[in-house]
Amino acid sequence: MGKMTRRDFLRLAGGVGLSVPMAMRLPTPLMGAAGLSPLLTACGGEGDPLVSPHHNGNGTRFPLRLPEAVGVGDLRFTAAPTEWDLGGGLRAPVWALNDQVPSPLLRARRGDRFRAVMENGIPHDLILHWHGLAPPDDMDGHPRFAVAPGGSYRYDFTVDDRAGTYWYHSHTHEHTGEQTYRGIAGLLLVTDDEEEALGLPGGHREIPLILQDRRVDADGIPFFQPFGPAFMAGYMGTQALGNGVRDPYLEVDTGLYRFRILNGSNARIFRLGLSDDTPFLLIGNDGGLLPAPRTVSAVDIAPAERVDLLVDLRSHPVGRRVMLRSLPFTLSGGMGFMGGQNLQGEPLALLELRVAREVDDATPLPAALPPVELPDPERAVRERTFRFDSRMMNHFINGRHFEMERIDERVPFGETEIWSFVNESGLPHPVHLHATHFRVLSRSGGRGRVFPWEEGRKDTVLMQGFETIRVAVRFTAHRGLYLLHCHNLEHEDLGMMANILVE
Ligand code: C2O
Ligand code: CU
Ligand code: CU
C-alpha cells in the first residue's frame, strides 16, 4: 500500500464520483462487512445494512476505561496494528500506540521537557502532531516529516504552553483520517501553577474523555471505508465510543466532577447535554481556562475542539442515571443533498453516569478564573482572508489544494493580524491553526454570534455553512512552517490545508 499522492488519487478516481471509493479502500483488517459493495450503500439512507439508527442508547453498556496518565520526559511510542476490546470482549482490529486505544494519556507541567521516540510499525507513513501545543516546527508533526514503515522520529522540545486540554494524533497527509480513526489519537493534559491554585476537582473526579463516533458492521466492529458522500460530509457512524469503549457508563459519587472532553471524531459535531438538564459549568476550551466560568445547558464541539466542564452531582440521589448525550440539531448551512449518509445532527447517547455512592464533597466552584492573555485586535497591522470552498468532493482554501512544498502565506513573527475564515459552501468546517491560539472576534452569517465556549483562546473554531468568522492571531512561539486546515479529517486529507510560514 504505497503512499498515494493527490494526483494518483485523482487519476485513480478518474474524475468520476463512483470510482473514488475504490481509490480509498485499502485492503486492511478494519474493513468488516466482508465484501460489501460500497456502491450498494452509496445510494444512501434506508438501504444501508451496516447502520442501525437505533444502535445506541438502550442495550448493554460497558465501563468507561480511565487510563493511568504517563509523564512526557521519556516516552516511547510504538505504532502497530493490534486488537482492542471495545467492551464486553468485542475485539476489533486497530492501529494503536503502545497497544492502547485511545493512545496513552499524557500529563505534563508547563516547562517540562518533552522527549519521545515514535517507532512506525503500521503499513503507512506516520508522524504525530501535538495539537494545541506550540513547539518548534520540526517537532510539530507537519506531514513533510512523516516516516516510512519501520522508521522512527524523535521529539525533543519544551512544553511552554498554558494549562489546557490538548491532544495528539497522526498527521500523515492523505491518511490522517484513517490513522486517527483506527486508533492513533490521545489526550495531552498540561497543568501550570495558575491552574493548580484553583483547586479544581482532581483524582477520580477528573475524567479525561475522548468522544468519537464509529461506523460499525453487523458485528459491531468499526470499519473505515469512505465513499462518495463521505468525501463531502466526512466519515460518520452511529456507534458512540468513549475512551475507546462502546456505549460506556461511569459510576460516579455525589461529588463535583471535572470532565475534560475532546471530540476525537473525524467529522461529527456533538451538541453535549445531560439528560436531566443538569447544567455544565464551562471553565475551559481548546486554549485552556476561559476568562470566566459560564453556566450552559449545552455545548457544541466540532472535531478537534475541547471543553473543560464541571458537573455538580452533589444533589443527585444514589441510583440516578444521567446520560451525556449529543442532542439533535440542524446545521445552519443546509445539508439536504447528503441524503441518508449524513448523520450530522442526529442524536447519540455518549456516556451514562450512574450515581453509585453518597459522599460529602466540599470542593468549591471557582468564582473566577485567571486572566487570559489575548491578541488585541486594536493592534492588528494586517488582514488576511481564507476562503473555504467545497465542490464535487473537492475542498479548497483560497481555491487551492494543499501542496507539501508550497508556502501559502508568509506571516511575520510577533505581529497581530486579523484573519477572516469565509465559508463559501453549506458544509461545516472546523478550522484549525497550528503553532498559536487565536481569539474569536465575530461570526457573521449562519449562527451569527460567538458562543461562550469560544471565548478565551482557541485553536479550532467551527464554521458552519456560509459563516464568516473573524479572529485575531499572533505567532509568538517559534518561526517556521506550520499549518492551517479543516479538521474534518476527510476534508483535510483531500487537501483543505495550507502551509503558513511564520518568519
Ligand atoms: Cu489536530 Cu493539524 O491537527
Ligand atoms: Cu493541530
Ligand atoms: Cu471542512
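This is a predicted model: local features need pLDDT of at least 70, side-chain atom pairs count only at pLDDT 80 or more; totals for chains, interfaces and linings use all residues.

Author: Happy to. Residues are numbered from 1 along each chain as its sequence is written, chains are lettered from A and ligands numbered from 1 in the order in which they are written, and side-chain values use heavy atoms, with hydrogens and water left out.

Reader: What are the protein donors of the copper ion (ligand 3)?

Author: Donors are N, O and S atoms within 2.8 Å of the metal (3.2 Å for Na, K and Ca); water is not among the atoms, so sites may look incomplete. Along the chain the donors here follow the spacing H-x56-C-x4-H. Lying 2.0 to 2.1 Å from the copper ion (ligand 3), they are His429 (ND1), Cys486 (SG) and His491 (ND1).

Reader: Where do histidine 429 and histidine 491 lie, and how many residues apart are they?

Author: Helices (H or I, at least four residues) and strands (E, at least two) are DSSP runs, numbered from the N terminus. Histidine 429, which counts as buried at 0% relative accessibility, is in strand 27. Histidine 491 is in helix 7 (residues 489–493), and the pair links distant parts of the chain, 62 residues apart.

Reader: Which protein donors does the copper ion (ligand 2) have?

Author: Histidine 129 lies in strand 7 (residues 128–131) and histidine 432 in strand 27, so the pair ties together parts that are 303 residues apart in sequence. Both histidine 129 and histidine 432 are buried. The donors, lying 1.9 Å from the copper ion (ligand 2), are His129 (NE2) and His432 (NE2).

Reader: Which residue in strand 29 is the bridge partner of histidine 432?

Author: Two strands pair if DSSP finds at least two bridges between them. Within strand 29, the partner of histidine 432 is threonine 460.

Reader: Which residues have the most contacts inside the largest nonpolar core?

Author: A nonpolar core is a set of buried Ala, Val, Leu, Ile, Met, Phe, Trp, Tyr and Cys residues joined through side-chain atoms within 4.5 Å. The largest has 39 residues, and its largest share, 5 residues, comes from strand 22 (residues 348–357). Those with the most contacts inside it are Phe259, Ile261, Leu272 and Leu324.

Reader: How many residues of strand 15 are buried?

Author: In a regular strand the side chains alternate between the two faces of the sheet. From strand 15, Leu256, Arg258, Arg260 and Leu262 point one way, Tyr257, Phe259, Ile261 and Asn263 the other way, and all are buried. For strand 15 (residues 256–263), that is 8 of its 8 residues.

Reader: Which residue in strand 15 is the bridge partner of isoleucine 207?

Author: Strand 11 (residues 206–214) runs parallel to strand 15, joined by 6 bridges. Strand 15 also pairs with strand 20 (residues 306–312), in the antiparallel sense over 7 bridges. The strand 15 partner of isoleucine 207 is phenylalanine 259.

Methods
Buried means under 20% relative accessible area, exposed over 50%, partly exposed in between (1.4 Å probe, protein chains only).
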